[in-house]
Amino acid sequence: MKRKQFFSLALAGAMAASCLAGCGSSDAGSQATDSTVGVATSETATGEPVQASYPLADGDKTITIYMKDATSGAVSDWNNIKAFRAAEEKLGVNIEFIHPAVGSESDQFNLMIASGKYPDVILWDFRSSAMNLEQLVDTGVLLNMDELIRTYAPNYLKVLEGNETFRKEGTADSGEYLALYSFSGRAPVSSGPAIRADLLKEYGLEVPATVDDWTNVLTVMKENGHTYPLTTGQNRDGSVWFELLLSTYDTSNSWCLDPATGEVVYGPVTENFRSYLRQLNDWYNAGLIDPEFMTNDGTAMNAKLTDGRSVAGNMMLSYHIGNITNAARETNPNFEFVGCPWPVLEEDEEPKLIFINGGQYYSGSQAAVTTACEDPVLATQVLDYFYSEEGNDLLCWGIEGESYTVNEDGTKQYTDNIMNNPDGKTPQKAILEYAIPLYNFSDVILNDSYVQMATNLPEQATARDTWLDVDLSQNMPKLTVASENQNDYSMIMNDITTYVQEMYIQFLTGQADLDADWENYVNTVNGMGLETALEYEREAYKLYQAR
């Protein structure tokens, strides 16, 4: 029976506090109940995970799942993806997707939470929502799934047990499993430094490895008519960073680990970050950086890289290297990018990579069952199926014989219908009729399927291997600040992040002086509450280490 919830929910920075009512039972006598009580009790529960027998139902039950359309509209209706249709037949359960409109996902998510009318499952990155997982459990929006997962999610538990990082990232500071996390089968690197290989050959240059190499190569490119050799553009959130050199200087545009002490620090106020900015400012003053970098959208950046005004940047495998190369080769068959090692300061250094958002394997979303779900055991078992080998293959490969085939050695490959689609669709578009190998659901993104789909050109595969040949030891995990501090932390960091972005552009372009204005900049950030936020972050890191 659905539980009727009455509670007050404050959405920090999103909306005023309001009295919320969860999906209620038709039984008017239902009483409010704690979201952790009795959700996974079963006569069959023995303390050991229960391996489900399929089908789970007779096709008469439906599980509703609220989630972003990760494809940004490329899939008109996730209910029509053949992997999910095949899963429905296997499970005997209907799966119904509910997507907020592309472009207003956060606002619609907040409104859905405030309405008190929830689906059975919410699949979301709760680290980016106004309230995190713990808060949504505490306020009665989500169930505490710990007992559900330990009892009815054996496939998911097997995934966690097979990878210590998975286990830590999927565990709350309390030691509980609050949701089923999505993961990547290999470090989720889909972008990195790249430059025009054909031009390197034409000008007698080697692939740059050190910062000095990059300075020389970019200078030669400019001297040969490439107006602004190095470019970048806005991220989806509107921010802009030259990620190319962040790891070179042992820093990040957010939280990172101090290489000397191992303590959590805020990258943008460190001396390492100032050194990083100083190098970018030198390149900017020499005319090596695109002066429109702060306003470039994806189309503008791609146009400059296609026509040769710019020749290098931090590039995505598909969106940049794949799309630009295919477009440029229509008029220049020799056009080619090469992935470069992450730059180092000295030749004998090992390249390192510090992920901007932390976390080596977590893909960005968690699937959580809500208090409105009439059958939380069924919902958990449905989600768990996609962590099984069969369920995971469905999402990453699709339908055998239609979207992929199995070779004699057991490896898989996509069919010509996908890779050379007769309707002219790109492989990335064609596969969406069958599967979602480039996007996370409640599953593990498999490396083999990901690589085949993301690297249609040989230089893409080589680039990814080059970018992954790095030291990852300085990476921070995905952290969650304690629930009682989350609102304070979010307000502090929203203000700081906005100010840091403004000053980043000013320092890089010379509007602010890295010597005369740096101390005032650091003092301003500290005055906005950085020490408080740092205390919260360090405590979160300490608790993570203890998991």
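This is a predicted model: local features need pLDDT of at least 70, side-chain atom pairs count only at pLDDT 80 or more; totals for chains, interfaces and linings use all residues.
Entry 1, helices H9 and H18. I looked up how H9 (residues 271-285) and H18 (residues 483-509) are placed, and found that their axes come within 7 Å and cross at roughly 50°. H9 and H18 are therefore oblique to each other. On the H9 side I listed Phe-273, Tyr-276, Leu-277, Leu-280, Asn-281 and Tyr-284 as making the contact, and on the H18 side Tyr-504, Phe-507, Leu-508 and Thr-509. Sorting the residues of this contact gave me 8 nonpolar, 2 polar and no charged.

For H10 (residues 298-307) and H11 (residues 317-328) I noted axes that come within 10 Å and cross at roughly 50°, which makes H10 oblique to H11. I recorded the crossing of H10 and H11 as right-handed. H10 contributes Gly-298, Thr-299, Met-301, Asn-302, Leu-305 and Thr-306 to the contact, while H11 contributes Tyr-319, His-320, Ile-324 and Ala-328. Here the contact residues divide into 5 nonpolar, 5 polar and no charged.

I checked the peptide bond from Tyr-54 to Pro-55 and found it cis, with omega near 5°. I then placed Pro-55 in the loop between strand S2 (15-21) and strand S3 (62-67).

Asp-250 belongs to the loop between helix H8 (211-223) and strand S8 (255-257).

Notes: Residues are numbered from 1 along each chain as its sequence is written. Side-chain values use heavy atoms; hydrogens and water are left out. Axes are lines fitted to C-alpha atoms, for helices over the stretch in contact, and angles run from 0 to 180 degrees between N-to-C directions. Helices (H or I, at least four residues) and strands (E, at least two) are DSSP runs, numbered from the N terminus. Angles under 35 degrees count as roughly parallel, over 145 as roughly antiparallel, 65 to 115 as roughly perpendicular and the rest as oblique. Contact means heavy atoms within 4.5 Å. Ala, Val, Leu, Ile, Met, Phe, Trp, Tyr, Cys and Pro count as nonpolar, Asp, Glu, Lys and Arg as charged, and the others, Gly among them, as polar. A crossing is left-handed if the near helix is turned anticlockwise from the far one by less than a right angle, and right-handed if clockwise.
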